[in-house]
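User: Please examine the structure below and answer my questions on its packing.

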Amino acid sequence: MNEIKLTYKENVVPYTREELVNKLRSSLKTSRFEHVLRVEQMAIKLAKLNGYDEELASIAGLVHDYAKQRPDEDFIATIKKYHLDEDLLKYGNAIWHGAVGYLLVEHELGIYNELVLNAVKYHTTGANYMSTLDQIVYMADYIEMGRDFPGVDDARKITFNNLQDGVAYQTKHTLNYLISNNKSVYPKTIDTYNQWVVNSNIK
């Protein structure tokens with residue numbers, strides 16, 4: 001799984017890739033750690049397909065779930081400390097580990113690159129505007145090789161063919177899932193749907 005050989009040269013993180021991987025290994029349970037390695041691998045593949053910076057894709061893919069296994073208290077404290085929208089308190093880890101967790105990535109890992117931080121911030125909810133890196137991590141998390149759900153093969157084919165269509169596909173199917181299971185929908189997910197799905201040809 002950890003066969004990627006990539007030398008970080010852009011000073012985006014204060015570590016080598018190997019050092020960053022080791023930090024994540026010590027912060028995450030084995031299954032979650034293996035997931036982030038797969039997301040990194042998929043992010044690099046999508047970066048190559050879209051002519052994007054592979055180092056940024058690697059870093060963002062690795063750190064996207066850095067905060068996933070933190071206790072609720074950490075997120076609540078962070079929301080209050082940084083005066084984030086108090087509506088966030090109505091939600092839980094599924095939203096927090098991205099929408100709040102990017103601040104933990106910034107202040108604990110010393111990663112200040114706005115592209116990487118936004119990719120972490122938006123990887124579960126999407127956003128009206130999503131950079132190429134935002135789209136890459138959003139989709140890499142959804143279609144990494146360990147994912148197995150109805151439609152994942154279609155999602156991979158669509159995304160490999162057109163990254164933006166992949167974003168639309170995931171957003172539509174995620175919203176359908178939330179609604180059909182009577183789950184709350186974070187407002188930014190609606191914004192993502194309106195921006196990415198309404199005018200797309202995705203079924």
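User: How many aromatic pairs does the structure hold?
Analyst: This is a predicted model, in which local features need pLDDT of at least 70, side-chain atom pairs count only at pLDDT 80 or more, and totals for chains, interfaces and linings use all residues. Residues are numbered from 1 along each chain as its sequence is written, and side-chain values use heavy atoms, with hydrogens and water left out. Rings of Phe, Tyr and Trp (its six-membered ring) pair if their centres lie within 6.5 Å. The number of aromatic pairs in the structure is three.

User: Which geometry, stacked or edge-to-face, does the pair of Y91 and Y186 have?
Analyst: Planes under 30 degrees apart count as stacked, over 60 as edge-to-face and the rest as tilted. The rings of Y91 and Y186 lie 5.0 Å centre to centre, with 85° between the planes. The pair of Y91 and Y186 is therefore edge-to-face.

User: How many residues apart are Y91 and Y186, and where do they lie?
Analyst: Helices are DSSP runs (H or I, at least four residues) numbered from the N terminus. Y91 lies in the loop between α4 (72-81) and α5 (93-99), and Y186 in the loop between α10 (163-180) and α11 (187-196). The pair thus links distant parts of the chain, 95 residues apart.

User: Is F149, which pairs with Y142, buried or partly exposed?
Analyst: Y142 and F149 form a tilted pair, 4.9 Å centre to centre with 50° between the planes. Buried means under 20% relative accessible area, exposed over 50%, and partly exposed in between (1.4 Å probe, protein chains only). Y142, at 13%, counts as buried. F149 has a relative accessible area of 24%, so this residue is partly exposed.

User: Which residues of α6 are buried?
Analyst: Helix α6 spans residues 101-109, and seven of its nine residues are buried, so the helix is largely enclosed by the rest of the structure. These buried residues pack against α1 (17-27), α3 (54-63), α4, α5 and α7 (114-121), where contact means heavy atoms within 4.5 Å. The buried residues are G101, Y102, L103, L104, V105, E106 and L109.

User: What is the orientation of α2 to α8?
Analyst: Axes are lines fitted to C-alpha atoms, for helices over the stretch in contact, and angles run from 0 to 180 degrees between N-to-C directions. The axes of α2 (residues 30-49) and α8 (residues 132-143) come within 8 Å and cross at roughly 125°. Angles under 35 degrees count as roughly parallel, over 145 as roughly antiparallel, 65 to 115 as roughly perpendicular and the rest as oblique. The orientation of α2 to α8 is therefore oblique.

Key. Helix = DSSP H or I, 4+ residues; strand = E, 2+ residues; numbered from the N terminus.
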